[in-house]
Amino acid sequence: MKQELNRYLQSLKTHLTMDPAFENEVIRELEAHIEDSCQELQNAGLPEDQALEKCLTGLGSPKTVARQMYETYNQGTWQQALLAATPHLLFAIIFALKWWIDINILPIMFIIILGIALYGWRHGKPYWLFPWLSYSLFPIVAAGVALLYLPAVWAWLTLAFYIPLVLWFLSFITIKFMRRDWSYSLLMLFPASAFIGWLLAAGQKPGFPNLKISFMYNFAPWTSLTFLVLAISVALFIRLRQRWLRIATLATSGVVISLVTILASNQLGLASFIGLVMLILSFLLIPAFVERKVRRNQSVII
Amino acid sequence: MRKQTELVKGSIDSLLLCLIGQQPMYGYQIIKELEDKSQGYFKYKEGTLYPALHRLEKAGFLAGKWEPTTGGRQRRYYHITNKGKGILEQKRAQWRDFLSAMNMIIQPVTA
């Protein structure tokens with residue numbers, strides 16, 4: 001009997017994909033319910049195993065219960081949606097108005113973003129935090145790219161030490177959030193797709209991308225559009241209830257970002273477009289895959 | 001008694017608020033009370049009840065609290081909040097208006 005109950009609760013846990021504290025609350029509550037229900041059925045004369053079977057049938061499939069719970073808890077308010085979209089909107093404005101040329105603007109922006117990300121981190125890691133966290137990590141990644149442009153020895157040192165260290169750090173943070181819900185870690189990883197798009201658009205010759213100011217200047221309206229697409233998709237993500245619709249929204253925005261990049265670059269063709277779409281879509285699949293591995297090690301024990 | 005599934009589903013929030021408004025209850029107790037008080041008319045699937053309770057809790061109409069029972073076991077009791085009481089009053093008024101309007105139309109005319 002215990003084994004069947006364990007299986008049911010484990011399946012529920014697998015499908016819940018909520019904050020672990022909420023998950024435990026829900027599982028504990030349903031477990032108490034199952035105990036009550038089984039006890040009553042046994043008092044009415046049903047054998048233990050049949051009582052449990054009847055009770056679990058009454059509860060319904062764990063997948064359905066989990067989906068309904070997920071939809072109850074994970075739909076954000078409009079305020080949360082706006083807050084999550086704000087960092088993308090800020091960058092869209094900065095690029096649209098060409099404020100990025102002002103050397104003071106970007107450092108000030110990153111300090112504000114880091115401050116808000118730290119605030120969110122210390123106050124329960126709400127869902128709006130993820131895009132802010134993404135931008136607060138951006139300088140670390142950008143520094144790695146900049147180091148690659150230094151003379152050969154430094155570039156090799158960067159490749160050998162800095163980049164693996166940054167990748168480890170990013171993986172550590174991403175896996176930490178995957179335990180909660182892999183779809184939210186996408187909000188953190190997804191702006192990287194825009195960054196990859198720029199590098200691809202700038203890299204019109206073999207070797208390192210040619211990140212000249214003139215390129216950045218000409219590409220600025222498109223960059224702004226990319227950030228706007230990110231802002232809209234993130235706001236929709238927070239407001240939508242169904243998980244599959246959320247993922248579909250991000251996937252669609254990934255295709256739109258790829259299209260914007262190709263249109264802006266003039267020289268990239270269909271093959272680059274397909275490659276970029278595949279790369280962006282892999283951003284959606286990798287967290288889902290890693291989460292399955294992470295969750296496999298967690299089990300409900302009664 | 002013939003029942004309309006959609007009508008039953010649509011009334012779950014009002015029923016839960018009304019029942020918990022009378023006294024704090026836990027999930028299993030709510031299922032039983034609903035069934036007993038309606039003489040078997042309201043027979044909710046348990047899997048539907050908990051998402052509904054949590055939805056009302058998230059909206060601030062209910063507050064869930066783990067409390068020990070006489071047997072020493074812990075159960076999550078739902079209490080109605082002041083916001084929930086306000087909504088319940090609104091729902092009661094809506095229901096009274098709906099019922100009287102329906103009666104005016106649907107009841108057979110007596111000579």
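A residue counts as buried under 20% relative accessible area, as exposed over 50%, and as partly exposed in between. The exercises below apply this scale and related criteria to a predicted model.

**Exercise 1. Classify the partners of the salt bridge between Glu35(A) and Arg73(B), and locate each of them.**

Step 1. The closest N and O atoms of Glu35(A) and Arg73(B) are 3.1 Å apart. The criterion asks for a side-chain nitrogen of Lys or Arg within 4 Å of a carboxyl oxygen of Asp or Glu, so the pair forms a salt bridge.

Step 2. This contact crosses between chains: Glu35(A) belongs to helix α2 (residues 20–43) of chain A, and Arg73(B) to the loop between β2 (62–68) and β3 (74–80) of chain B.

Step 3. Arg73(B) has a relative accessibility of 30% and is therefore partly exposed. Glu35(A), at 36%, is partly exposed as well.

Step 4. Salt bridges with shared partners join Glu35(A), Asp36(A), Arg73(B) and Arg75(B) into one network.

**Exercise 2. Determine which elements are linked by the salt bridge of Glu40(A) and Lys32(B), and whether these residues are buried or partly exposed.**

Step 1. The side chains of Glu40(A) and Lys32(B) meet at 3.1 Å, N to O.

Step 2. The pair runs from helix α2 of chain A, which holds Glu40(A), to helix α3 (residues 27–37) of chain B, which holds Lys32(B), and thus crosses between chains.

Step 3. Glu40(A) has a relative accessible area of 37% and is partly exposed. Lys32(B) is partly exposed at 25%.

**Exercise 3. State where Glu57(B) and Arg76(B) lie and whether they are buried or exposed.**

Step 1. A salt bridge joins Glu57(B) to Arg76(B), with the closest N and O atoms 3.0 Å apart.

Step 2. The two residues are 19 residues apart and link distant parts of the chain: Glu57(B) is in helix α4 (residues 46–58) of chain B, Arg76(B) in strand β3 of chain B.

Step 3. Glu57(B) is buried because its relative accessibility is 17%, under the 20% limit. Arg76(B), at 8%, is buried too.

Step 4. For context, buried residues make up 38% of the 111 residues in chain B. This chain has 5 helices and 3 strands, in the order α-α-β-α-α-β-β-α from the N terminus on.

Step 5. Over all chains, the count of salt bridges comes to 11.

**Exercise 4. Identify the residues of the negative surface patch and the element that gives the most to it.**

Step 1. The patch is formed by Glu4(A), Glu48(A), Asp49(A) and Glu53(A).

Step 2. With 3 residues, helix α3 (residues 48–59) of chain A gives the most to the negative patch. Asp49(A) is found in this helix.

Step 3. Patch residues need over 30% relative accessible area and no salt bridge. Asp49(A) has 48%, so its accessibility passes that limit, and the residue is partly exposed.

How values were computed. Residues numbered from 1 in each chain as written. Chains lettered and ligands numbered in written order. Predicted model: local features only at pLDDT ≥ 70, side-chain atom pairs only at ≥ 80, totals over all residues. Heavy atoms only, no water. Patch = residues over 30% accessible without salt bridge, like charges linked within 9 Å, V, L, I, M, F, W, Y side chains within 5 Å. Areas by Shrake-Rupley, 256 points an atom, 1.4 Å probe, with all protein chains shown as cover. Lys, Arg positive; Asp, Glu negative; His and termini not counted. Charge placed at Lys NZ, Arg CZ, Asp CG, Glu CD. Helix = DSSP H or I, 4+ residues; strand = E, 2+ residues; numbered from the N terminus. Buried < 20%, exposed > 50% of the residue type's maximum accessible area, 1.4 Å probe, protein only.
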